[in-house]
Every structure is written in C-alpha cells, then in structure tokens.
Amino acid sequence: MNQPLSTPSRRELLRLAALAAAALSAPAAFAATQQADLRGSIDAIRYKTLPASGDRKSTSLQKMIDEASQSNVPVFLPPGTYKVSNLTLPDNTRITGVPGASRIVYTGDGHLFSAENVKRIELSNIVIDGQNRWLGDYAGALVQFSGIDEVLIDNCEIIGSRKHALQLERCGGRIERSRISGAGQSGIYAVESTGLSVTGNEVFDCGNGGILIHRWKKADDDSIVSNNRVYRIRANDGGTGQNGNGINIFRADNVTVTNNHVSDCAFSAIRANSASNIQINANQCLRSGETALYVEFEFQGAVVSGNMIDGAANGISIANFDKGGRLASVTDNVVRNLTLKGPYEHELGFGVGIAAEADTLISGNVIENAPRWGMQLGWGPYLRNLVVNGNIIRKAGVGCVVSVADGAGTAVITDNVFQETAGGAVVGFAWDKKMSDELAANGQNPYPQLTVERNRIS
C-alpha cells in the first residue's frame, strides 16, 4: 500500500529555491570569471605594452600571439584598432574579438598575416583591413596560409587588399560566415586544398574573382562551396574567362557547388574548368556577363541541376569534347532572359540557352527568351550521345540547333515543347550554317543518326 505524500514546509521550499538559484547561476558565474581573467590579462598587454608606433606594436602583438599559442589559449582583442604588419602565426594560434569592433589594420611594408606548415589556425570575430596598401612581392594576399591542416576563419571581415584577400595553399578547414570585399584580385583563392569548406560567406566588389578553388595539377580536391552570396565581381585583367567569375573551379575534382546566390559577375556566375565529378546544384545566377554556368575543357562527370539563371549572354554550356570534356547531366534548370551581347567577340555569338556536346542528358529544363538558340547540340563533328527529353523552350530564335556536320554523332530529341521559335523548332546546322528545314515535323528527318520524335510545336 502506497504511503501518502507529505507536503513540504515553507522553510523547505525556501531552501530548495535557494539551491536551485545557486545551481542555475553557477555556470554563468564561472564563465564570467573565466572571461574576466582572460580579458584582464589581454587588456594589460594591449594597453600597457603595445606601443604607439606600428613596428613596436607589431612586435608586442607578435609576442602575445606566440605566448598564447604555446599555452594553447586564445588571444582576445577587445574593441579597438590595432595597427600592425608582418605577423607570423604559430601553431595553435587562436585570435578572437568583438565582431565589427576589434579591427586589425595593416600598416604596409610586406604582409599582414602569414602561417606555414602548422596544424591549426583560428581567426574569429575580427575585422582585417588592408587599407589598399602595398603588399610585398612575396605576398599573394593580405592573409596568406600555406600547409595548414585546419584553418578556421569564422565571422570575420576582410577588406581592402591590393591582391587576394585570403589565400590558402594546401590547407583544409572552414571559411564561414565572413564578409570579404574590395580585393584587387579575388576574395578567396584556395589552391591544392585538402577538403576545404567555404560556406555562408559574402564576397563582393572584387577585381578579378570571387571564390576560386584551384589546383596546380588536376587531382581530387573535395572542397564544398555552399550557401555563399557572391556579387559585383569584375574582370580588371581582361581575358575571355580567366577572370570575372563569381565561383571558379579549376583542375579540382570532386567539388560541390550548391545553394549559392551569385549576381553581377563580368563573366560566369559559376565556371568549372577541367574539373571532373563537379556538382553545380540549386544556385541562383543573376545578370552574368558571359555564360552563367560553364563546364569546360578536360572533365569527365558533371551534374548541373536545379539552378535558376536570369540574365546572361549564354545560360549553360557543357563544352570542349575536343579536349576530353564529356559525361554530364543537365536537369531541372530554369534559363531565361539572355542577350546577344557579350564581353568579347565570339565566333558564334551569344544568346544560347543550353549547349552540350558529348554523353549528356538534357532533361526537364525550361528556357525562355534565348534570342539566338534555345539549345545548341554539338559543334561541327563534336557531337556524341546526347539525349534531349522533356524540355520547354519558348521565345527563341531557333528552338534546338543540332549539328549535322560530317563526323557528328547521335542525338535523341524527344517529347519537348517548342513555342514561338520563329526560326524552327529543331534544325540541323553545320557549324554556324543552317543545313536543314524543320526536323520536328513528321517525315522530315533525313539524318539517320538523329531521333526526333513526339515534339510539340506551337
């Protein structure tokens, strides 16, 4: 038989309440005490030992960083401006501050931050300002790290670099939640990465590139570029695509580029050159000066899916079968509002929605307002194994141009919808020369390598 529960007395209730309050406040009090101790020691160094002159202040801050890394503790920079240069970060450097209020300002004469061949470097909650000052010939960037196992840059702002803002070579780790702007070259230049993640950043107003994932030689890279906002990227050094790209993947295999918002780039929103097993998915690409999404040159394996493209010279290009570029899937993209005007003179011209050459599926896409061609299938003899199925193309000069030049291979064009394509729905071309009348009409296909069936024209 259960015993009846006794009612606690008023004194017992007060005692329990006091114990609960003490338990709840203990972690906060402990954290505050720890932070106060850390802040006090750093404040003493900052205010009592950092001299006014730039060189002596750099020496004192360098000493503070060295001592903190040896003790494996972070350096906290209270709100203020720290005018320094030529800092070398040792292993286990952790520098943090108050977001937007702790400012490290470069005074010139070489570089600002560098580190080489260490395991871990962390920068968080600080502003790094290059003031557009001269950088030494040896320095590729305002912040330059090489051979770091794990770099963590979180919630920082990097502004005003004469060259790259951030350069990483042979590094892994994460760059996240940071604002990078005003770089003379690119915002982020990562070469020979070892599984780098670039996520949730804002990169804008850079001279030649936004986020660059490169390698010296083609190999696995495994980087992830996701959820970034990249905009107003110029091409100050000119060229036909080397510069002016929001996100550029070069020779780096197994890279994923997803859920980025990229706008107002002089050339491509996203450009993959010689990058095998590339995934370009669910990106927003607005007002690209040249081809919005470009997969080109020596690659095998590309998935381009679920992207929104509004405003570009060309929409999507899967190119360079002559250089080994092949094997792709282009599905469920929306491409609209293209223009005939590009940043240079092109042998064919601009205004093409989707172009592909070899071993590629093009399915479920919607193309609208492509003033030249809705689709370009092959170029001269460079056509092999294209399947074009279930797409909607409306308001295009020609709906679908397919190569019928000598040596061109097989294409299957079925179950597509064409509307307002004044120059024809499906038309054969040899290079840029029209070779046939409408091929989508029944009985009008004289090319045995082409299957053109069940397309709807209105």
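This is a predicted model: local features need pLDDT of at least 70, side-chain atom pairs count only at pLDDT 80 or more; totals for chains, interfaces and linings use all residues.
Phe 113 has Val 143 as its bridge partner in β9, and the two strands concerned, β6 and β9 (residues 141-146), pair in the parallel sense over four bridges, where pairing requires that DSSP finds at least two bridges between the strands. Strands here are DSSP runs of E with at least two residues, numbered from the N terminus. On β6 (residues 113-116) there is also a parallel link to β3 (residues 87-88), made by two bridges, and there Thr 88 stands opposite Ser 114.

Residues are numbered from 1 along each chain as its sequence is written, and side-chain values use heavy atoms, with hydrogens and water left out.

Let me turn to the aromatic rings. The structure holds five aromatic pairs, counted for Phe, Tyr and Trp (its six-membered ring) when the centres lie within 6.5 Å, with planes under 30 degrees apart called stacked, over 60 edge-to-face and the rest tilted. Phe 267 and Tyr 344 are stacked, because their centres are 6.2 Å apart and their planes at 15°; since they sit in separate loops, this pair ties together parts that are 77 residues apart in sequence. Phe 267 is buried at 4% relative accessible area, whereas Tyr 344, at 21%, is partly exposed; buried means under 20%, exposed over 50%, partly exposed in between, with a 1.4 Å probe and protein chains only. Ring pairs also bring Phe 350 into a cluster with Phe 267 and Tyr 344.
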